[in-house]
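Try each task yourself before you read the solution.

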Amino acid sequence: MTGKRWLFLSHRWLGIPLSLFMAPWFLSGVVMMYVGYPKLTQMERLRASHPLVEENCCGGPATLIAGLPHDMPLKSLRLIMVAGQARLIAITGKKSVAIDARTGAAIPPTSVEAARASALSFAPESHIERIEQIAEDAWTHSKALDPHRPLFRIILKHPELTSLYVSGTTGEVIRDVSITENYWNWLGAWLHWLYPFRGGMLDAWWSDIVIYSSLLGSILAVAGIVIGIMRWRMRGYPSGSCSPYRKPLMRWHHAIGLVSGFFILAWVVSGLFSVNPWRIFDSGATKPLERNLEQRLLAKDFDATAAIGCLVRTSLDIRELEWIRHKDRLHVLARDAQNQVRVLRDPRTCEITDTYTTTEIQDEAMRLMPHARIISSELQVEYGWHYYVREPHTMTGGFEKPLPVLVLKFDDPHFTWLYFDLKTSRIVQRSDDYGRIKRLLFNFLHSWDWKVLLDHRPLWDALLIAGSIAGFLVSLTAMVLGWKRLRR
C-alpha cells in the first residue's frame with residue numbers, strides 16, 4: 001500500500017471517531033469564552049467575609065502559637081471570620097488546619113451544622129435545600145481543593161447561586177457556583193476538558209485520554225491539510241470546480257478544511273500542550289526558597305490582637321489578616337472587602353505602609369535565589385506579552401495579576417524571571433525558558449493571549465468565534481460523511 005493511500009485511509013478512519021470529540025469541543029470553547037469553570041475569586045471571598053474586630057479576637061500569642069501544627073513547615077497563616085467565629089487557617093504542605101482564634105484549640109472536622117452555618121454566613125439571603133458530603137464532583141476536580149477534602153456541597157435556593165462548597169477541614173466556603181455557571185458549564189468546561197471521563201472508573205486514565213486524543217487529532221489535522229492541498233487545483237477540474245469532489249458535502253468539507261486547517265491544527269496541538277504531556281515543559285529549574293513561617297519568627301513577631309488594634313485605627317474594613325515572611329521578620333497583610341492591601345510591618349510600633357520599595361524586594365529576592373545573581377531589574381507598570389491579565393471567569397483569570405510589579409531576571413541555567421507584587425512583596429509569577437516556550441505554544445496558540453487582541457475586543461471575540469464555527473463545520477461534515485461511510 002502506498003504512502004498516499006495510507007494518508008487517505010488514516011484521515012478517513014481517524015476522522016470518524018475523533019469528529020465526535022472535536023465538534024462539541026469547538027462549541028464548548030465558545031461557551032468558555034464567556035462562562036468559566038466555577039471558582040471563588042479573592043474578591044468574591046473577601047466581599048462575603050465579615051469584618052475582623054477586636055471584640056471577637058483573639059487569644060494571646062503563646063496560646064495561639066501552641067495550637068498551630070509543628071510537625072510540618074507552616075506555609076500559610078490567615079485570620080478570617082467563619083460563621084461569626086475568628087479562625088486561624090494554617091496550611092502545612094497539603095494539609096489545612098483551623099484554629100479557634102480565641103482559645104487556640106483545634107477546630108474539629110466540619111460537621112453538617114457547621115457547614116450550614118458557614119454557608120448562611122456567606123450567603124445570608126439564601127435558603128438551604130440540601131447538604132451532602134462529597135469527595136469530588138464535576139465542579140471540584142481542582143487539585144487546589146485537596147487540602148479541604150472531603151467537601152460539603154450546599155444546594156441553595158438563591159437568586160444568583162445554585163450551590164456552595166465548604167471545606168471539610170477549615171469550615172470556610174471555598175467555591176461558589178452561580179446559576180449561569182451551573183447550566184452553561186455542562187456545554188463549556190465540562191465538555192471541553194473531557195470531564196465526562198473524570199471522577200468515574202476512567203479517572204485514572206483521564207490525562208492519557210486527553211493526551212492521546214489530542215495527539216491523534218493533531219495527526220488527523222495534518223493529514224487533512226496535506227490532502228486538502230494535494231486535491232485543490234487552481235486551474236480547476238473538468239467540472240469547473242477547484243475541488244475534485246462532486247457531492248456538495250464533500251466539497252464543503254474540503255473547502256472549509258483548507259481555510260481553517262491551520263487554525264484547527266494550532267488549537268488541537270496547543271490543547272495537547274496544555275496538560276504538559278510527558279512533562280516536556282518541566283525544566284528542572286531550581287525554585288525560589290519557601291517563605292515558611294518558622295517557630296522562631298512566630299515567637300518574635302506574632303500577635304494577632306496587637307495587629308488588629310493597629311489596623312482598626314486606620315479605619316480599614318479588615319476582612320483578612322495574613323502573616324508573611326519578609327527576610328527574618330513577620331509582616332501582616334491586611335485586606336479589606338475590595339482587596340485593598342495594607343502592610344503592618346511591626347505590631348509593636350504600628351508601622352503601616354502601602355507598598356515595599358524595590359530595594360527591599362531585591363534584597364528578599366537574593367535571599368530566595370541564593371544560587372543565582374540578578375542580571376536585570378525592571379519596574380513594570382503595564383501589562384505585556386509575558387505578564388498580562390485575563391477576565392476573572394477564564395481559566396487563568398483566578399490568579400491575581402497586580403500592577404506595578406518588579407521583574408527580576410536571574411543568571412541561573414534556565415534564565416528564571418520572578419515577578420514581585422510591590423504591595424505584598426509576593427512572587428505573583430515565575431517563568432523560565434521552558435515556561436516561556438509553553439506560553440507561546442499553549443496560551444498564545446490556544447486562547448490567543450496576544451495583548452493586541454485582548455486590548456481590542458471584540459476583535460478577539462470575532463476571530464475566535466469565526467475559527468470555532470469553521471472547526472465545528474469541518475467536524476460536523478466529517479461526522480455526516482463518516483456515518484454514511486459506516487452505513488455502507
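Before you start: two strands pair if DSSP finds at least two bridges between them. Also keep in mind that this is a predicted model, with an average pLDDT of 92 for the chain.

**Exercise 1.** Work out which strands pair with β6, and in which sense.

*Solution.* 
- Step 1: Start with β5 (residues 151-157). It runs antiparallel to β6, and 5 bridges join the two.
- Step 2: Now try β7 (residues 173-178). β6 and β7 are also antiparallel, with 5 bridges. Here L164 stands opposite D176 of β7.
- Step 3: Check the links. A hairpin of 3 residues takes you from β5 to β6, while 5 residues sit between β6 and β7 in their hairpin.

**Exercise 2.** Decide whether strand β6 is largely enclosed or open, and say why.

*Solution.* 
- Step 1: Buried means under 20% relative accessible area.
- Step 2: Count along residues 161-167: 7 of the 7 are buried.
- Step 3: So β6 is largely enclosed by the rest of the structure.

**Exercise 3.** Find the buried residues of helix α10 and what they pack against.

*Solution.* 
- Step 1: The buried ones are A304, A307, I308, G309, C310 and L311.
- Step 2: Look at their partners, which include α3, β1 and β8.
- Step 3: Finish at the N-terminal end of α10, capped by D303: one of its side-chain oxygens lies 3.4 Å from the backbone nitrogen of T305.

Note on methods. Residues numbered from 1 in each chain as written. Predicted model: local features only at pLDDT ≥ 70, side-chain atom pairs only at ≥ 80, totals over all residues. Heavy atoms only, no water. Buried < 20%, exposed > 50% of the residue type's maximum accessible area, 1.4 Å probe, protein only. Helix = DSSP H or I, 4+ residues; strand = E, 2+ residues; numbered from the N terminus. pLDDT = per-residue confidence, 0-100. Contact = heavy atoms within 4.5 Å. Polar contact = N/O pair within 3.5 Å; in protein donor to acceptor, adjacent residues only side chain to side chain.
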